[in-house]
Amino acid sequence: MGYLEDEVKRLHTVLGNVEGRLKALEERQFGKSSGKTAEEIRMILIGPPGAGKGTQAPKIKEKFSCCHLATGDMLRSQVAKKTPLGREAKKIMDQGGLVSDDIVIGMIKEELDHNPECKGGFILDGFPRTVPQAVGLDSMLQARKQTLQHAVELQIDDALLVARITGRLVHPASGRSYHATFNPPQKPMTDDVTGEPLVQRSDDNAEALKKRLATYHQQTAPVVDYYRNTGIWKAIDASQEPNQVWKSLLAIFDGDKAKAQSSGAGILSRIAHPSRS
Ligand code: ADP
Ligand code: AMP
């Protein structure tokens with residue numbers, strides 16, 4: 001019995017030292033009050049155009065130091081460079097249709113394989129948009145021995161999206177989005193960070209939105225069902241104020257932490273009280 005007690009004491013000391021060292025390293029890496037975390041995140045944001053994916057994703061990126069992959073931004077960058085893919089994609093995008101699954105799956109794979117920011121995890125925004133894309137993502141992750149942690153659906157009524165989309169202003173280089181009324185830049189039509197001009201997307205008009213919403217309901221709603229059955233799906237009311245939406249996201253992440261802590265506490269309590277196992 002004396003041996004067991006000594007061993008338990010010794011392991012407690014080892015664990016305490018490891019925890020202390022980990023905390024100190026994390027604080028050195030992220031700074032004490034930065035609000036950042038060393039956890040890895042692997043998640044997707046699903047929602048209709050204008051739901052707020054591009055507004056919330058940079059905040060998640062900041063918190064987890066991961067990459068934010070928005071297939072719409074990647075395609076727009078091809079359009080701006082007038083590449084053959086960009087020329088082809090522009091026609092489809094302006095009509096509110098979807099670019100081919102193979103192309104977008106290839107773009108995501110390329111980023112996950114080579115973008116160093118993705119080492120801290122990823123937020124996928126606007127992907128997957130079809131069930132074959134979701135299946136493609138699953139096999140990509142399987143090959144990397146990774147799993148998705150969250151499929152968060154931003155739920156909002158179509159009726160609220162017209163005002164959001166027709167008032168949206170974007171900074172093309174970064175993908176940052178503003179809103180003429182709901183989230184205006186400090187200086188009209190100017191990006192707060194770079195001072196560069198903001199633009200309105202060519203597909204951000206009421207007519208194209210109608211088609212994009214129809215595409216969403218036909219082809220992307222089944223993706224929600226695909227994840228609803230997996231246990232990683234969670235829904236958030238995206239009609240709330242942006243800060244409230246952020247709080248709902250934080251509650252999802254805090255739920256993870258609580259789960260991790262309770263399983264850690266389980267291990268510790270079993271070490272401290274071996275008879276309870
Ligand atoms: P998505 O990336 O889902 O298409 P965005 O994040 O670009 O949508 O948001 C669309 C527009 O709505 C932007 O102009 C943005 O400033 C605005 N917006 C985003 N979230 C909210 C919100 N919770 N309330 C009001 N306006 C919002
Ligand atoms: P978004 O910036 O997410 O609103 O996307 C703009 C447009 O890019 C969409 O209307 C589609 O035409 C195209 N697009 C973006 N992501 C995808 C995707 N995952 N699959 C197919 N097309 C996409």
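The largest share of the shell around ligand 2, four residues, is supplied by H3, where helices (H or I, at least four residues) and strands (E, at least two) are DSSP runs numbered from the N terminus. The model is predicted, so local features need pLDDT of at least 70 and side-chain atom pairs count only at pLDDT 80 or more, whereas totals for chains, interfaces and linings use all residues. Residues are numbered from 1 along each chain as its sequence is written, chains are lettered from A and ligands numbered from 1 in the order in which they are written, and side-chain values use heavy atoms, with hydrogens and water left out.

We can begin with ligand 2. Of the 16 residues around ligand 2, Thr71, Arg76, Gly97, Gly126 and Gln133 come nearest, a residue being near if one of its heavy atoms lies within 4 Å. An N or O atom in the side chain of Arg76 is 2.9 Å from an oxygen atom of ligand 2, while a polar backbone atom of Gly97 is 2.6 Å from an oxygen atom of ligand 2. The protein covers 95% of the 480 Å² of accessible area that ligand 2 has on its own, an area that comes from the Shrake-Rupley method with a 1.4 Å probe.

Helix H3 itself spans residues 71-80, and its buried residues are Thr71, Gly72, Met74, Leu75 and Gln78, where buried means under 20% relative accessible area (1.4 Å probe, protein chains only). In general, an α-helix has 3.6 residues a turn, so residues three or four places apart point the same way. What covers the buried residues of H3 includes strand S2 (67-70), helix H4 (84-94), helix H5 (101-114) and strand S3 (121-125). H3 is followed by Lys82, whose phi is positive, near 55 degrees.

Which residues come nearest to ligand 1? Of the 19 residues around ligand 1, they are Gly54, Thr55, Arg168, Tyr178 and Gln240. An N or O atom in the side chain of Arg168 is 2.7 Å from an oxygen atom of ligand 1, and a backbone N or O atom of Gly54 lies 2.8 Å from an oxygen atom of ligand 1. The elements that give two or more residues to the shell around ligand 1 are helix H2 (53-64) and strand S6 (176-179).

Technical notes: Polar contact = N/O pair within 3.5 Å; in protein donor to acceptor, adjacent residues only side chain to side chain. Buried < 20%, exposed > 50% of the residue type's maximum accessible area, 1.4 Å probe, protein only. Contact = heavy atoms within 4.5 Å.
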